[in-house]
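This report is for a reader meeting the structure for the first time. Please look at the sequence and the model below before reading on.

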Amino acid sequence: MRDQASGVAAGWSPPDAPPSWALTAELFRAIAEDDVLLDLAAALPPDRLPPLLLSAAVRDLVAREQPAPLAGYFPTPGSGQPVLDEGFRPALAAFAREHAEELARLCAAHRYQMNEVGRSADVLAVLGDIAPDRPIALVDLGTGAGLGLQLDRYRYRYAADGRTRTVGDPDSPFELHCAVRAGDPPVPATVPTIAARVGIDVEPLDLGVPEIRDWLAACVPPETGAVDRFAAASAVVRAHPAPLVRGDLVETVERVCADLPSEALLVLVDTYVHVFLPDDDRARFAALLPRLGRDLEWISVDPLVPLGPDGRDSVQGLPVPDRAVEAYRAGVTGVVGRLSVRDGAVSGRVLGLAHPGAAWLEWLA
Ligand SMILES: C[S@@+](CC[C@H](N)C(=O)[O-])C[C@H]1O[C@@H](n2cnc3c(N)ncnc32)[C@H](O)[C@@H]1O
């Protein structure tokens, strides 16, 4: 458990980490090092992502109880990143001791559910090469709260070598920022028209319910950009409800796609979902795509499988370039892939590497 928490802390503290990442790194360092927090994490079933689940329980309880001075260290929407100083760790340790039972109860009652709207910037980068003039029917697999279904309602800024490119809705209440670290992703000049959209999830999350919204906000890392993005995207989702189908994606995708307009190009999106499927389910999903009987694209942004440091295979079964394996081993990285079905023939390629919160993209293609 200590290693898992330290690993998350390390992911938030690379040499070039912006100052706003320090609180998240420190929170997970505390979970690795504080006896009470470590015991709480160690008591959770390993498949519940204990350090992450515990971090969410802490955030949730702090947001509700507003203990001083601890609450002041955590960003809220629009607050900017509060200053982190040496008072944080003792304040957190005292809070954990005082509220250990409540934290355990919260962990038992919830699952860790990360919804990262920034991943829409990775998906959009692929869409430029996919029939840019054809309306799409968007199916977001494992959509969670449905943030990925609204990708035409966000504004995006891609920055590379001092140049920036802005795409998307000029009236969007927020802008997703993505640094292009290498290569030239085919970002489209405009976001494709979405003729139909639907999300599938075993546990769709309704952002209209305040308790669900609060828990999902607590699952967001305490980094000002992530906190602001989630709040803004959550407001967009609530203003534009889209259909969410409850079900296993392998079992339901055929039925869901059958109802979508045939003239639109079917685009299946999966961000950090297929990585969690058992091998058999991933194989069944891949096998059923040509059977859907229409042209389609499957855009995936997922870590390599098996999940963990030994990951080496693409969830889409595509050849993985050495650079992707090497980058993956050096830290948690999403691998961007595109698999196409045209007239029943399947082809595809790994295209790039992506930061899990879409802070950067590295294009390989
Ligand atoms: C890590 S979250 C990612 C959510 C969202 N795609 C994102 O990137 O922010 C994984 C989501 O996949 C859903 N999920 C996992 N297995 C699934 C399955 N077999 N069928 C449908 N949804 C699934 C979970 O309920 C969860 O909402």
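## Hairpins at the end of the chain

In the hairpin made by strand 9 and strand 10, two residues lie between the strands, and D343 has a positive phi near 50°. The model is a predicted one, in which local features need pLDDT of at least 70 and side-chain atom pairs count only at pLDDT 80 or more, while totals for chains, interfaces and linings use all residues. Residues are numbered from 1 along each chain as its sequence is written. Strands (E, at least two residues) and helices (H or I, at least four residues) are DSSP runs, numbered from the N terminus.

Strand 9 (residues 334-342) and strand 10 (residues 345-354) run antiparallel and are joined by nine bridges. Two strands pair if DSSP finds at least two bridges between them. L339 stands opposite G348 in strand 10, and V341 has V346 as its bridge partner in strand 10. Strand 10 also pairs with strand 11, in the antiparallel sense, over three bridges. A354 has L361 of strand 11 as its bridge partner. The hairpin of strand 10 and strand 11 has five residues between the strands, and A358 in the turn takes a positive phi of about 60°.

## Two domains

The chain is divided into domain 1 (2-109) and domain 2 (119-363), with bounds that come from an automatic or database domain assignment. The C-alpha centres of the two domains lie 28 Å apart. Where they meet, 18 residues of domain 1 are in contact with 14 residues of domain 2; contact means that the C-beta atoms, placed from the backbone, lie within 7 Å.

On the side of domain 1 that touches domain 2, helix 2 (22-33) and helix 4 are the elements that give two or more residues. Helix 4 has the largest share of that side, with four residues.

## The nonpolar core

Which residues touch the most other members of the largest nonpolar core? They are I31, L54, A57, L103, L124 and V139, in a core of 104 residues. Such a core is a set of buried Ala, Val, Leu, Ile, Met, Phe, Trp, Tyr and Cys residues joined through C-beta atoms within 7 Å. Helix 4 (residues 50-65) gives the most to this core, with eight residues. Because domain 1 (2-109) and domain 2 (119-363) both give residues to the core, it lies between them.

## A57 and C107

Leaving aside neighbours within four places in sequence, A57 is in contact with L103, L106 and C107. C107 lies in helix 6 (residues 100-109). With the same exclusion, C107 is in contact with L40, L44, L53, L54 and A57.

C107 counts as buried because it has 23 C-beta neighbours inside 10 Å. A residue is buried if 20 or more other C-beta atoms lie within 10 Å of its own, exposed if 12 or fewer, and partly exposed in between. The C-alpha atoms of C107 and P188, which are 81 residues apart along the chain, are separated by 42 Å.

Terms used:
Two residues are in contact if their C-beta atoms, placed from the backbone, lie within 7 Å.
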